[in-house]
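Reader: I'd like to learn how to read a model like this one. Can we go through it feature by feature?

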Amino acid sequence: MTENGPVIEIRGLTKMYGDVVGIKDLDLDVHQGEIMGFLGPNGAGKTTTIRTCLDLLAKTRGEVRIFGLDSHNDSIEIRKRTGYLPGDFGMYNELPVRTILRYLLSLSGCVDEGPMEELASRFDLDLDKRYGSLSKGNRQKVGIVQAFMAGQELIIMDEPTSGLDPLMQQKFYEFLREERAKGKTIFMSSHILAEVEEVCDRVAIIRDAELQVVERIAALKEKMGKTLEIELGSEIDPKLFDMPGVEGLEVDGRRARMIVTCDLDQVIKRVSEHNIVNMSLETFSLDQFFMTYYSHPGGG
Ligand SMILES: Nc1ncnc2c1ncn2[C@@H]1O[C@H](COP(=O)(O)OP(=O)(O)OP(=O)(O)O)[C@@H](O)[C@H]1O
Ligand SMILES: [Mg+2]
């Protein structure tokens, strides 16, 4: 967990696709033995981050160190020690799954097929079927098996549960927890908030190419904001709520709605000089919290 040293160190990582910003000035550490979730809306920069970290995509600026090694100069050594599940995992359709996995295993210099067989049986994957004959979810299982079968110490996955049914997702989370208990480090992107909440130690949220927040899930739950709705006797000047700890402000005439993460007392003091007609307060769910980072610029 966080007391352990960083396995992945990302500093000022920037990737431009011509004029399009893929990711901008990203700083992030993933520590040994933790599961780090990487969350963000479509086009936020998750895949770009993962691919530049593994040197599958050339970075524009910045530095990435994995196991203390340089992501570009030492990319071969890093890949040897890292299991990777790309977001667009695909394989040769004509070949049986076992043949494909054997081949991939040999590429990582590993000869023990035991874990491959065990993983396949654990996730109900038929190794004798042709890859092309598999359903979407079963193809994803092939991707998962290949990411873990060589027993590497770091696993990087781009939306690993996409296509898996809820039962398989749960099996996968259980498996991830076991891997963490063995000291593995896991960095995975996701669109599923509940998944991140359930399985990850920390979450990094990215939006519009920039990192918004990196936080322990447990800490997020503790300092969760509240939704405050307030109605005053006169038209509300949005400046009234211009203070740190007030986010996502929506003002409509005499009514205002906001997310309060600071001490509520500070907000009440501000409005107490006005005539309060109505007020309601709602504790935030983690879902709502994430949504603020998805949709409100400057959230956090
Ligand atoms: N090959 C490319 N050429 C040009 N722009 C690209 C390319 N790949 C990604 N981008 C742009 O970079 C930004 C980040 O894209 P990226 O694929 O990293 O997002 P993502 O967070 O993985 O999204 P999703 O959740 O949809 O997978 C987007 O604006 C995207 O349009
Ligand atoms: Mg992506």
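Reader: Let's start with contacts. Which residues does Gly22 touch, not counting residues up to four places away in sequence?

Author: First, a word on what you're looking at: this is a predicted model, where local features need pLDDT of at least 70 and side-chain atom pairs count only at pLDDT 80 or more, while totals for chains, interfaces and linings use all residues. Residues are numbered from 1 along each chain as its sequence is written, with chains lettered from A and ligands numbered from 1 in the order in which they are written. Now, two residues are in contact if their C-beta atoms, placed from the backbone, lie within 7 Å. By that test Gly22 touches Lys15, Met16, Tyr17, Gly45, Thr48 and Ala209.

Reader: Is Gly22 buried or exposed?

Author: You count neighbours: 20 or more other C-beta atoms within 10 Å of a residue's own means buried, 12 or fewer means exposed, and anything in between is partly exposed, with C-beta atoms placed from the backbone. Gly22 has 23 such neighbours, so it counts as buried.

Reader: Where does Gly22 sit?

Author: Helices (H or I, at least four residues) and strands (E, at least two) are DSSP runs, numbered from the N terminus. Gly22 belongs to strand β2. Its contact Ala209 lies in the loop between β9 and β10; Ala209 is buried too, because it has 21 C-beta neighbours inside 10 Å. Check the backbone there: Ala209 has a positive phi of about 70° although it is not a glycine. Asp208, found in the loop between β9 (202–207) and β10 (210–216), has a positive phi near 50°.

Reader: Which residues are around ligand 1?

Author: A residue is near a molecule or strand if its C-beta atom, placed from the backbone, lies within 6 Å of it. Around ligand 1 that gives Tyr17, Val20, Gly22, Gly40, Asn42, Gly43, Ala44, Gly45, Lys46, Thr47, Thr48 and Gly87. Both β2 (20–31) and α1 (46–53) supply at least two residues of this shell, and α1 has the largest share, three residues.

Reader: And what classes of residue does that shell have?

Author: Ala, Val, Leu, Ile, Met, Phe, Trp, Tyr, Cys and Pro count as nonpolar, Asp, Glu, Lys and Arg as charged, and the others, Gly among them, as polar. The shell has three nonpolar, eight polar and one charged residues.

Reader: Now a helix. How far does α6 reach from its first C-alpha to its last?

Author: The expected span is 1.5 Å times one less than the number of residues. Helix α6 (residues 166–181) has 16 residues and reaches 23 Å, close to the 22 Å expected. Its buried residues are Gln169, Phe172 and Leu176. Seen down the axis of α6, these fall within an arc of 60° (taken from the directions from the helix axis to the C-beta atoms), so they line one face of the helix. Their cover includes β3 (35–39), α5 (136–148), β8 (185–190) and α7 (193–199). On the other side of α6, Leu167, Glu174, Glu178 and Ala181 are exposed.

Reader: Zooming out, which domains is the protein chain divided into?

Author: Domain bounds come from an automatic or database domain assignment. Here the chain splits into domain 1 (6–221) and domain 2 (225–284), with 41 Å between their centres, taken over C-alpha atoms.
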